[in-house]
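Work through the exercises below with the model open. Try each task before reading its solution.

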Amino acid sequence: AKLTLKTIPWTHVYLGRRLLGETPLVEQALPPGTHHLRLVNEERGLSTSIEVQLAPGETRTLSLQL
């Protein structure tokens, strides 16, 4: 499965302790299933968590305003 994630403002995207990258995150490969992602922007003091479910072979795009 693949996930594209866009946030305003930009954020670092973590899966557990692993940094996946900075938004916009484009077609990040992830195994199918439920993923708990942490979105962090240290400069603005923002930190939030989201849950994303991905089906096998799915390509999903999410846009979030934080």
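Predicted model: local features only at pLDDT ≥ 70, side-chain atom pairs only at ≥ 80, totals over all residues.

**Exercise 1. Determine which secondary structure elements the chain has, and in what order they run.**

Solution. 
- Step 1: Count the elements. The chain has 7 strands and 0 helices.
- Step 2: The order is β-β-β-β-β-β-β.
- Step 3: Compare the radius of gyration with the globule rule. The chain has a radius of 11 Å, close to the 11 Å that the rule gives for 66 residues, so the chain is as compact as a globular protein of that length.
- Step 4: The C-alpha trace spans about 35 × 20 × 15 Å along its principal axes.

**Exercise 2. State how much of the chain is buried, and how much of the accessible surface belongs to carbon and sulfur atoms.**

Solution. 
- Step 1: Take the buried share. Of the 66 residues, 35% count as buried.
- Step 2: Take the surface. The accessible surface is about 4,100 Å², and carbon and sulfur atoms account for 49% of that area.

**Exercise 3. Find the largest nonpolar core and the elements that give two or more residues to it.**

Solution. 
- Step 1: Nonpolar side chains tend to be buried together in soluble globular proteins.
- Step 2: List the members. The largest core has 11 residues: Leu-3, Leu-5, Val-13, Leu-20, Leu-25, Leu-30, Leu-37, Leu-39, Ile-50, Val-52 and Leu-54.
- Step 3: Assign them to elements. Strands β1, β5 (33–41) and β6 (46–54) each give two or more residues to this core. The largest share, 3 residues, is from β6.
- Step 4: Look around Leu-37. Leaving out residues up to four places away in sequence, its contacts include Leu-3, Val-13, Leu-20, Ile-50 and Val-52. Leu-37 also touches Tyr-14, Leu-15, Thr-48 and Ser-49.

**Exercise 4. Identify the salt bridges and judge the exposure of Glu-27, Lys-2 and Arg-60.**

Solution. 
- Step 1: Count. There are 2 salt bridges in the structure.
- Step 2: Take the pair Glu-27 and Lys-2. Their side chains meet at 4.0 Å, N to O. Glu-27 lies in strand β4 (residues 25–29) and Lys-2 in strand β1 (residues 2–8), so the pair links distant parts of the chain, 25 residues apart.
- Step 3: Glu-27, at 45% relative accessibility, is partly exposed. Lys-2, at 36%, is also partly exposed.
- Step 4: Take the other pair. Arg-60 bridges to Glu-58, with the closest N and O atoms 3.2 Å apart. Arg-60 has a relative accessible area of 28%, so Arg-60 is partly exposed.

Notes. Residues numbered from 1 in each chain as written. Heavy atoms only, no water. Helix = DSSP H or I, 4+ residues; strand = E, 2+ residues; numbered from the N terminus. Buried < 20%, exposed > 50% of the residue type's maximum accessible area, 1.4 Å probe, protein only. Core = buried A, V, L, I, M, F, W, Y, C linked by side-chain atoms within 4.5 Å. Contact = heavy atoms within 4.5 Å. Rg over C-alpha atoms; globule rule 2.2 N^0.38 Å. Areas by Shrake-Rupley, 256 points an atom, 1.4 Å probe, with all protein chains shown as cover.
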